[in-house]
Amino acid sequence: MAVAAEGDVRHDDWHRVTTPDFEMLSDLAPPDALALADRLTRFRIAAQSLLGQQELSGPAPRMIAFRSARAFRQVFALRNISGVTLSSISRYTLAFGPDGLRGYDSGALTAFHEYSHYLMQNNRQMNYPAWWEEGYANFLSTMYAQDDGVVVGHVPPIRRRQMVRSRPSLKDLFDDRIVFDWKRRDLEGVYLKAWLLVHMLQLGHLSGLPPFHERVPEMLAKIDAGESTRVAVETSLSMDLPALERTLNAYIRRISLPTHTLVVDVEHETPMDVQPLAVPEVRHALANAAAAAGNLRHAARLFQEVLDDDPDDIDALVGLSSTTQDPDHSLEAAERALALDAEHPGANVRMAELNVTRCSQATRDECLAVWRESAEFYRRAVRNDPDNVDAAFGLGVIYLHVGQPGDAMGYLRVAHGRAPWVPRINLFLGEAYRLTGDVERARAHLTKAMHWHRDLRWRERAALALSMIESGNGN
């Protein structure tokens with residue numbers, strides 16, 4: 001990932017807006033931040049009505065709203081997108097800069113797009129292909145309210161003109177099944193093509209096309225189960241790929257694209273509070289977000305700035321340990337954090353992580369000792385912070401490694417309950433079920449990991465475990 005420019009983003013004029021559904025950190029002027037938070041709340045009401053969700057579970061997301069595109073690019077080192085959703089088993093962070101669409105009142109399109117990702121992922125049990133999730137997030141992002149309800153499916157004129165020329169082909173679009181490459185040159189065209197396809201599948205029946213929207217759940221279920229996207233699309237929609245491409249090309253050239261009006265009331269009074277943020281809080285938040293996006297150099301720089309002002313900031317020491325590229329410096333920071341507070345959950349999790357890395361070049365017997373030592377750090381973290389899902393997951397994995405799958409089960413279930421679609425969690429939970437003889441549950445979780453893990457090596461590991469089940473060697 002490209003390294004961000006070294007120009008400073010100001011950290012002394014930020015505020016936190018707190019609502020019942022999310023918190024938003026922003027360097028926008030407070031009235032503008034409150035107005036954006038209000039629009040996001042109204043958007044959530046409409047989107048949940050369309051998605052059929054009643055309640056949100058898990059921790060509330062954190063949003064980071066940047067006043068300038070340059071500031072967003074510096075923190076995330078991303079040059080060709082204006083927003084990003086960073087999800088983990090412990091937190092959702094939705095970050096976005098200004099939209100960059102001129103001549104259209106798009107003020108919150110990127111914010112709506114990123115919030116859509118969170119709303120789609122919340123409570124879901126299946127994995128969506130990248131093109132569907134991005135296309136549907138764009139589809140939701142342009143909703144707007146009018147007197148008789150909320151209009152769904154609006155496409156800004158500038159985007160429609162771009163869609164006519166958008167590449168790639170559907171075949172190429174479907175090849176990016178698990179994740180889009182943020183660095184690809186045709187990324188904007190990919191997003192536009194996905195948006196257009198989702199629009200046609202959801203609303204095409206309003207313009208005389210077959211009722212594709214009725215067949216979409218079957219299509220997504222087949223893809224989630226591991227069927228190739230092309231086969232799932234063609235069998236579910238009863239249309240081969242060349243015909244679907246021709247239909248899509250004709251659809252975008254219609255005089256107007258259909259929209260649908262949801263009868264939903266988004267008028268409400270939501271309590272909101274805005275408070276100024278201290279500089280260290282801003283640096284912590286931006287550093288954690290940068291680290292989650294892979295911009296470790298910028299994250300380490302921000303953590304070091306916190307420590308320059310307060311050498312005993314334990315969270316900054318833990319953050320620096322996780323982001324510095326110097327192994328000795330990383331260990332030193334973690335040890336100093338534990339010396340300041342031996343019970344600190346984050347410091348214990350970090351020390352456990354550092355311990356586990358020692359097994360990469362160790363024997364099995366040496367690793368057993370390391371894993372047992374690491375388990376103690378994880379247990380201390382869970383004891384002091386029962387809601388620390390990262391610690392619970394780490395402890396579950398350790399128990400699995402040392403041959404205690406029954407003990408691992410409860411901790412891995414906690415992590416799975418927070419993020420049931422994450423392939424890595426499904427892999428280890430599936431292994432725990434396999435080793436305890438619960439073949440059916442093991443098969444379900446390992447199959448998800450085999451089809452959806454981003455790393456080929458882990459997909460192969462899941463496939464090996466499945467083959468052991470099928471051969472009768474499940475244990």
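Which residue of β3 does Ser-26 stand opposite? Ser-26 faces Ala-65 in that strand. The report below places this pair in the wider fold, and the model it describes is a predicted one.

## Overall dimensions

The chain contains 21 helices and nine strands. Its C-alpha trace extends over about 70 × 60 × 40 Å along the principal axes.

## The six-stranded sheet

Six strands make up an open sheet with mixed pairing, and their order is β4-β5-β3-β2-β1-β9. Its edges are formed by β4, residues 83-87, and β9, residues 273-276, each of which pairs on one side only. On average, neighbouring strands of this sheet are turned by 15° against each other, direction ignored.

Within the sheet, strand β2 covers residues 23-26 and strand β3 covers residues 62-65. The two strands pair in the parallel sense, over four bridges. The position of Ser-26 opposite Ala-65 in β3, with which this report opened, is a detail of the sheet.

## Helices lying across the sheet

Two helices may be described together with these strands. Helix α2, residues 69-76, lies across β4 and β5, the latter spanning residues 92-96. The direction of α2 is at about 35° to β4.

Helix α11, residues 279-292, lies across β1 (15-18), β2, β3, β4 and β5.

## The three-stranded sheet

An open sheet of three strands has antiparallel pairing and the order β6-β7-β8. Strands β6 (144-146) and β8 (260-262) are at the edges with a single partner strand each, so one side of each has no neighbour in the sheet. Here neighbouring strands are turned by 35° against each other on average, direction ignored.

Strand β7, residues 149-152, pairs with β8 in the antiparallel sense over three bridges. Val-151 stands opposite Thr-261 in β8.

## Packing of α1 with α3

Two packed helices are described by the angle between their axes and the distance between the axes. Helix α1 (residues 30-51) and helix α3 (residues 109-121) pack at an angle of about 45°, and their axes are 10 Å apart. The two helices are therefore oblique to each other, and α1 passes α3 in a right-handed crossing.

On the α1 side, the contact comprises Leu-36, Arg-39, Leu-40, Phe-43, Arg-44, Ala-47, Gln-48 and Leu-51. These residues meet Ala-111, Phe-112, Tyr-115, Ser-116, Leu-119 and Met-120 in α3. Sorted by class, the contact of α1 with α3 has 10 nonpolar, two polar and two charged residues.

## Helix α15 and its partners

Helix α15, residues 345-357, packs with helix α13, residues 314-323: their axes come within 9 Å and cross at roughly 20°. Angles under 35 degrees count as roughly parallel, and α13 and α15 are therefore roughly parallel to each other. Their crossing is left-handed. Helix α13 contributes Val-318, Ser-321 and Ser-322 to the contact, and α15 contributes Gly-346, Ala-347, Arg-350 and Leu-354. The residues of this contact divide into three nonpolar, three polar and one charged.

Helix α15 also packs with helix α16, residues 364-384, where the axes come within 8 Å and cross at roughly 165°. Angles over 145 degrees count as roughly antiparallel, and α15 and α16 are therefore roughly antiparallel to each other. The crossing of α15 and α16 is left-handed. In α15, the residues involved are Pro-345, Asn-348, Val-349, Met-351, Ala-352, Glu-353, Asn-355 and Val-356. They meet Val-370, Glu-373, Ser-374, Phe-377, Tyr-378, Arg-380, Ala-381 and Asn-384 in α16. By class, the contact of α15 with α16 divides into nine nonpolar, four polar and three charged residues.

Notes
Residues numbered from 1 in each chain as written. Predicted model: local features only at pLDDT ≥ 70, side-chain atom pairs only at ≥ 80, totals over all residues. Heavy atoms only, no water. Pairing = 2+ DSSP bridges. Axes fitted to C-alpha atoms, helices over the stretch in contact; angles between N-to-C directions. Contact = heavy atoms within 4.5 Å. Parallel < 35°, antiparallel > 145°, perpendicular 65-115°, else oblique. Left-handed = near helix turned anticlockwise from the far one by under 90°. Nonpolar A, V, L, I, M, F, W, Y, C, P; charged D, E, K, R; others polar.
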